[in-house]
Amino acid sequence: MAKNSEQIKGFIIRKMNREDVEFAVEMAAAEGWNPGIHDGELFYEADNDGFFIAELEGKPAGCASAVAYDDSFGFLGLYVVKPEFRKKEIGRKLTEKCMEHLGDRNIGLDGVVENEKKYQKVMKFSSSYSNLRFEGKSGGEIPDGLVKISEVPFEKLLAYDGRMFPAPRPGFLKKWVNQPDSYAFASFEKGAVKGYGVIRKCRVGYKVGPLFADDRDTAEKIFSALRASVPEEIVYLDVPEPNEKAVEIAKKYHMNVMFKTIRMYSQKEPDMELDKVYGVTSFELG
C-alpha cells in the first residue's frame, strides 16, 4: 500500500508566497516548458491563494497551481515533482490540495499526452481537444490598421476577452497586456474590439498568447505585427487544433509543430468562442 502524507516524514504542502512562485517557474523551465521571463509575477496575480509547494524535510519537492478565476471556473497548471521525489505520493497529494482549493468549480488543464489516460481515470477529467505548439521565426513588417493595446479602453478589452475565455480575469489581464519585454496590438474599429494579441519574451524566444480575433484576416494581421516586433527571434504559437484557420496561419508562416497538449475539463467544456482563439494565453493558466 502506498504511503500517505502522514506517513512521509517531514512532508508538508503549503501555500506559496510570491518568492516561491519563482521556484515553480524554474521547475517549469527544467521540464522544457520555456516560461516567460515575467511569468512568476504575472501568474501569481491571477490567484495568490492558488499556488502550492510540497516540501520534504524542508526541501522543495514539487509544485502545482490551481487558479480560481471566479466561483465557477478554475485551471490547473505548473504541476511538477522533482525527479528524486517521484513515486512518493507527492504528486497525488498536490493534486488533492489543488482540487480542494477549487471546490466544485469546472476545472480545466492542459495535460501532456502521456498523462491523458491518468487524468481521465484518476481525476475523472474528460478530453475536449488538442492544443498544438508551433515554432517558427519572426520577421516581416507591422501592418497598418492596428493600435497599441494601451489605446483600447480596458473595460472593452476585458469584455472581448470574456468571449474567448471561460471567466473574467481583470487583474491578470491588465498586468498581462502591459508586462515588460512584450508587445501587444489590437484591432479596434468604431469603438469595437475585433481582436488582440500579446507576444512576450521567454527563456528561449518569444511566445504569442493570447491571440483572439473575430476572423482569420484580423488574426493574421495581429500575428504579423507581433512577429515583426521581435526581429531575428524564435516565435511560438499555441493553437487549438479544432481552429483550422489558426493552423493554416501557422503553416503559412512555415511554423512546425513541436509539442502537443490535451485540453481537459472536470465537468463540461465551457461555452466560449473557440473558433476565435488563434493562440492560447498559456498552457499553465489556460
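Predicted model: local features only at pLDDT ≥ 70, side-chain atom pairs only at ≥ 80, totals over all residues.

Of the 286 residues, 55% count as buried.

The secondary structure of the chain consists of eight helices and 13 strands. With a radius of gyration of 19 Å, close to the 19 Å that the globule rule gives for 286 residues, the chain is therefore as compact as a globular protein of that length. Along the principal axes, the C-alpha atoms fill a box of roughly 65 × 35 × 30 Å. Among contacts with a separation of 6 or more, 74% join residues 24 or more positions apart.

According to UniProt, in an unreviewed entry, residues 11-159 carry the feature "domain: N-acetyltransferase". The following table summarises that stretch.

| Property of residues 11-159 | Value |
|---|---|
| Helix content | 30% |
| Strand content | 34% |
| Distance between end C-alpha atoms | 43 Å |

Where in the chain is Lys87 found? Lys87 sits in the loop that lies between strand E4 (73-81) and helix H3 (90-102). The relative accessible area of Lys87 is 87%, so this residue is classed as exposed, the cut-off being over 50%. Between Lys87 and Glu22 the sequence separation is 65 residues, and their C-alpha atoms are 24 Å apart in space.

Note on methods. Residues numbered from 1 in each chain as written. Heavy atoms only, no water. Helix = DSSP H or I, 4+ residues; strand = E, 2+ residues; numbered from the N terminus. Rg over C-alpha atoms; globule rule 2.2 N^0.38 Å. Buried < 20%, exposed > 50% of the residue type's maximum accessible area, 1.4 Å probe, protein only. Contact = heavy atoms within 4.5 Å. UniProt positions renumbered as here; feature names shortened; annotations may be inferred.
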